[in-house]
Amino acid sequence: MNGADCLPSLIAFDIDYTLWDLWIDTHVQAPFRRTGNTLNQVLDRYNQEIAFYPDVSKILHDISGKTTLALCSRTNAPDYARDVLRLLLVPPPPNDPDADGAPPEPKRAFDYFPQKEIYPGSKINHFKALHRKTGIPYSEMLFYDDESRNKDVESLGVTFVLVSSGLNSRSFWGGVEKWRKKNPVVTSSDGEV
Ligand SMILES: [Mg+2]
């Protein structure tokens, strides 16, 4: 039990050094390609590999469909980021031996995130756009990013989680816990209201 039933309404991720270990605007060069249906690997012009950190696919499986997922990047190369996200295949969840039908298929990274704010500038603008487009209050937004300068989104009421060495399951669920502590569920166990 990981508590995926009690999530904020929107979870946003920075991309560079949060989901993959490079700066898309400086470390790689177009054109990008994928070899066949290779999972979690895109190659650039010089065969430099672009891949999500190892725990990212499991995190996406756990929360996809339970909250709104967003990308929030201030890269100077939005087209590169979008190209790679369209090519990158997230491995499918493990096959459930009891399930009927075909085994789960890999899905494009691009398709996991209905909301994408990818352009330079203060991330306060990115979150204002997310709020405008979704109507979700800032208090219901949780954001993972590797750069402390982007903590300024807390001024809006967004819960900010600083990620070091890439997103992993421990840092992800630690972030959810941080959001829950700020937004406790009010329940009554003794019948009193
Ligand atoms: Mg980053």
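In this predicted model, strands β1 and β8 run parallel and are joined by 4 bridges. To find the spot, look for A12, which stands opposite F143 in β8. Another 4 bridges join β8 to strand β9, residues 159-162, and this pairing is also parallel. There, F143 stands opposite F160 in β9.

Now β8 itself, residues 141-145. Is this strand buried or exposed? 5 of its 5 residues are buried, so the strand is largely enclosed by the rest of the structure. In a regular strand the side chains alternate between the two faces of the sheet. Here M141, F143 and D145 point one way from β8, while L142 and Y144 point the other way, and all are buried.

Y144 brings me to the rings. It belongs to one aromatic cluster together with F13, F113, F172 and W173. Across the whole structure, the search finds 10 aromatic pairs. Take F13 and F113: their ring centres are 6.2 Å apart and their planes are at 80 degrees; planes over 60 degrees apart count as edge-to-face, so this pair is edge-to-face. F13 sits in strand β1, residues 10-13, and F113 in the loop between α3 and β7, so the pair links parts of the chain 100 residues apart. Both F13 and F113 are buried.

Last, two lysines over rings. K107 lies over the face of Y112, 4.3 Å from the ring centre. K116 lies over the face of F110, at 3.9 Å from the ring centre.

That's it from me.

Methods: Residues are numbered from 1 along each chain as its sequence is written. This is a predicted model: local features need pLDDT of at least 70, side-chain atom pairs count only at pLDDT 80 or more; totals for chains, interfaces and linings use all residues. Side-chain values use heavy atoms; hydrogens and water are left out. Rings of Phe, Tyr and Trp (its six-membered ring) pair if their centres lie within 6.5 Å; planes under 30 degrees apart count as stacked, over 60 as edge-to-face and the rest as tilted. Helices (H or I, at least four residues) and strands (E, at least two) are DSSP runs, numbered from the N terminus. Buried means under 20% relative accessible area, exposed over 50%, partly exposed in between (1.4 Å probe, protein chains only). A charge sits over a ring if NZ of Lys or CZ of Arg is within 6 Å of the ring centre and within 35 degrees of the ring normal. Two strands pair if DSSP finds at least two bridges between them.
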